[in-house]
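Thanks for coming, everyone. I'll take you through one structure this morning. Please have a look at the screen.

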Protein chains: 2
Amino acid sequence: MKLAIYGYGNLGRGVEAAIRQNPDMELVGIFTRRDPAAVVSKTGAKVFAADTISECKGEIDAVILCGGSATDLPELTPKLAKDFCVIDSFDTHANIPAHFAAVDAAAKAGRKLSLISCGWDPGMFSLNRLYASAVLPNGRDYTFWGRGVSQGHSDAIRRIPGVLDARQYTVPIPEALEAVRSGAQPELTTRQKHLRECYVVAKPDADRAAIETAIKTMPNYFADYDTTVTFISEQEMKEQHSALPHGGFVIRTGTTGLHGEHTHRIEYSLALDSNPEFTACVLVAFARALGRMAARGQTGCLTVFDVAPADLSPLSREQLRSTML
Amino acid sequence: MKLAIYGYGNLGRGVEAAIRQNPDMELVGIFTRRDPAAVVSKTGAKVFAADTISECKGEIDAVILCGGSATDLPELTPKLAKDFCVIDSFDTHANIPAHFAAVDAAAKAGRKLSLISCGWDPGMFSLNRLYASAVLPNGRDYTFWGRGVSQGHSDAIRRIPGVLDARQYTVPIPEALEAVRSGAQPELTTRQKHLRECYVVAKPDADRAAIETAIKTMPNYFADYDTTVTFISEQEMKEQHSALPHGGFVIRTGTTGLHGEHTHRIEYSLALDSNPEFTACVLVAFARALGRMAARGQTGCLTVFDVAPADLSPLSREQLRSTML
């Protein structure tokens with residue numbers, strides 16, 4: 001299967017590495033909006049200017065879009081979906097229906113197949129919410145994120161005057177996890193579910209108290225959470241906080257029996273050393289399914305919910321039945 | 001959707017209760033090989049003689065087979081698959097390919113659709129093995145079962161002379177779980193993964209030492225495990241060991257990056273108060289998908305690997321995208 005990477009940041013580099021772990025996949029090239037001459041691939045892949053991709057119709061089975069959800073993907077995915085099978089990791093949950101509609105229309109117009117919102121949340125976590133709710137209808141599910149770096153929250157801190165650098169960890173609160181696992185189906189406030197740990201490098205002359213207040217009172221991002229702020233040196237930031245770990249938990253508990261007398265717990269968790277590299281792995285597995293479903297003549301837009309699991313694996317259905325069922 | 005239950009033991013009663021949790025499902029009747037007049041449904045469902053099911057073609061969208069894998073299902077599923085959409089929980093892993101072939105041929109001959117080996121293992125655990133291996137190809141997965149009652153092992157103990165009743169719990173060994181979670185991808189022997197805890201009611205005059213030896217040296221069942229044998233009274237058996245809890249863990253760890261420098265862990269676990277009731281819930285969710293896929297004209301035999309998750313849910317694809325993705 002011939003894949004192209006469009007956008008070459010952390011996620012694009014993750015996809016490049018993931019493709020090398022899948023012998024049935026081949027990287028045709030990396031398309032970048034920077035000067036291609038200034039972009040060097042660590043695997044020796046060819047690098048092209050983004051706007052030359054239209055010349056490559058027919059040479060690419062699927063394009064993996066590695067842009068951001070705020071501004072890149074809402075424009076890019078529908079634009080490319082007319083000419084290519086495209087897969088993205090669009091993760092602004094509230095805007096998924098609109099993004100889906102735009103990509104679906106473009107893909108149908110071009111008789112192509114696309115898949116949006118693929119990664120771990122949305123993605124693997126979404127799948128686990130769906131499976132668990134279908135199996136235990138009389139129940140409730142909870143999603144916890146972390147411990148892991150939130151890029152959006154880190155960026156929000158960096159925009160505060162006097163801040164040189166920042167890293168924010170989202171941390172699930174153990175007592176909340178235990179309450180959920182007990183099957184009690186508790187009502188939990190935002191504050192009860194997650195803590196926010198912030199590590200900040202301040203300018204030498206900055207007012208640290210003012211920075212701390214600005215963080216802790218920031219609406220949407222921090223005001224509804226218990227937040228800790230720790231000032232550290234640039235060197236400590238580099239040594240202790242340069243990785244991008246993440247993960248989390250999807251837990252559903254529910255009852256069965258004629259009188260709800262039996263309780264069950266389904267728990268799915270991820271512990272990831274590298275958020276972008278894991279997201280990339282999910283994208284590549286679903287790109288395989290996308291290619292197969294497109295070859296069967298399907299068109300329009302898909303999500304992870306529409307993909308039969310067997311299409312994700314390099315093994316045949318017969319092999320899967322005899323080795324994994 | 002109109003469902004029938006065929007076989008009315010623990011699993012059949014679990015399906016009866018599960019159907020009541022799904023407003024889009026209706027129980028047409030229970031088919032039993034016992035005298036129907038002697039079988040009373042706790043929900044007031046109609047009970048019919050098993051061999052009258054052929055008179056109900058056209059009135060049933062799917063038959064949920066609730067027989068055993070040793071002798072019932074290998075014969076029953078192919079027999080019924082010609083005339084009905086049938087779903088079973090066939091769980092003899094080694095014989096799945098042969099069972100699949102028989103059911104597939106029968107279903108195709110009758111232009112019907114069937115689904116086999118549905119439950120939690122095979123079933124939900126199989127799905128998690130597949131998803132995890134597709135996402136992290138450079139890794140290794142491990143399945144642990146328990147703590148839970150193994151019916152097969154309990155039955156094996158009951159066949160020993162001098163034993164009145166027995167209950168066997170399969171118990172995952174915490175050190176093995178931790179070694180797997182660490183990402184070290186350890187080689188684990190059978191003995192290192194699970195303990196077997198046996199509770200036995202012996203006849204008053206029985207040779208307890210002989211029973212203990214017979215259990216601990218039984219090939220395949222116990223000889224390869226560290227096994228504990230505890231003799232208890234009939235009353236204690238009834239009070240402490242009448243439930244059928246089970247569960248377990250599917251854990252895959254793997255590495256990503258150009259040099260395998262990042263480690264990831266995917267963990268799925270179940271903690272079930274009632275093994276048959278949870279299995280029943282999985283069967284009912286997949287029966288929904290079976291009905292939908294049959295209505296789209298598919299024929300032959302499926303497994304859980306072939307079912308797009310969206311088909312399991314009573315919600316529309318649009319609702320799923322806006323609420324669960």
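One definition before we start: two strands pair if DSSP finds at least two bridges between them. And keep in mind that this is a predicted model.

Let's take the sheet in chain B. Strand β9, residues 163-172, pairs with strand β10, residues 194-202, of chain B. The sense is antiparallel, and the pairing runs over nine bridges.

Now widen the view. These strands belong to an open sheet of four in chain B, ordered β8-β9-β10-β11, with mixed pairing. Which strands form the edges? They are β8 (148-149) and β11 (226-231) of chain B. Each of them pairs on one side only. Helix α8 of chain B, residues 208-216, lies across β9, β10 and β11 of chain B. It runs at about 150° to β11(B).

Next, the two chains together. Chain A superposes on chain B by a rotation of 180°, with 0.0 Å of shift along the axis and an RMSD of 0.0 Å. The two copies are therefore related as by a two-fold rotation axis. The same surface serves both copies, with 98% of the contact residues of chain A recurring in chain B.

How much area is buried between chain A and chain B? About 5800 Å², and carbon and sulfur atoms give 65% of that. In residues, 66 of chain A are in contact with 65 of chain B.

Two salt bridges turn up across it. Arg317(A) forms a salt bridge with Asp306(B), where the closest N and O atoms are 2.6 Å apart. Several elements of chain A each supply at least two residues of the side that touches chain B, among them α1 (10-20), β12 (246-256) and α10 (275-295). β13(A) gives the most, with 11 residues.

Last, some backbone details. Most residues other than glycine have a negative phi, and most peptide bonds are trans. Here are the exceptions to look at. A cis peptide bond joins Gly146(A) and Arg147(A), with omega about 0°. Arg147(A) sits in the loop between β7 (139-145) and β8 (148-149) of chain A. Asp121(B) to Pro122(B) is also cis, omega near 5°. Pro122(B) is in the loop between β6 (113-115) and α4 (124-135) of chain B. Finally, Ser117(A) has a positive phi, near 60°. Its loop lies between β6 (113-115) and α4 of chain A.

Note on methods
Residues numbered from 1 in each chain as written. Chains lettered and ligands numbered in written order. Predicted model: local features only at pLDDT ≥ 70, side-chain atom pairs only at ≥ 80, totals over all residues. Heavy atoms only, no water. Contact = heavy atoms within 4.5 Å. Axes fitted to C-alpha atoms, helices over the stretch in contact; angles between N-to-C directions. Least-squares fit on C-alpha atoms with pLDDT ≥ 70 in both. Buried area = accessible area lost by both parts, 1.4 Å probe. Salt bridge = Lys/Arg side-chain N within 4 Å of Asp/Glu carboxyl O.
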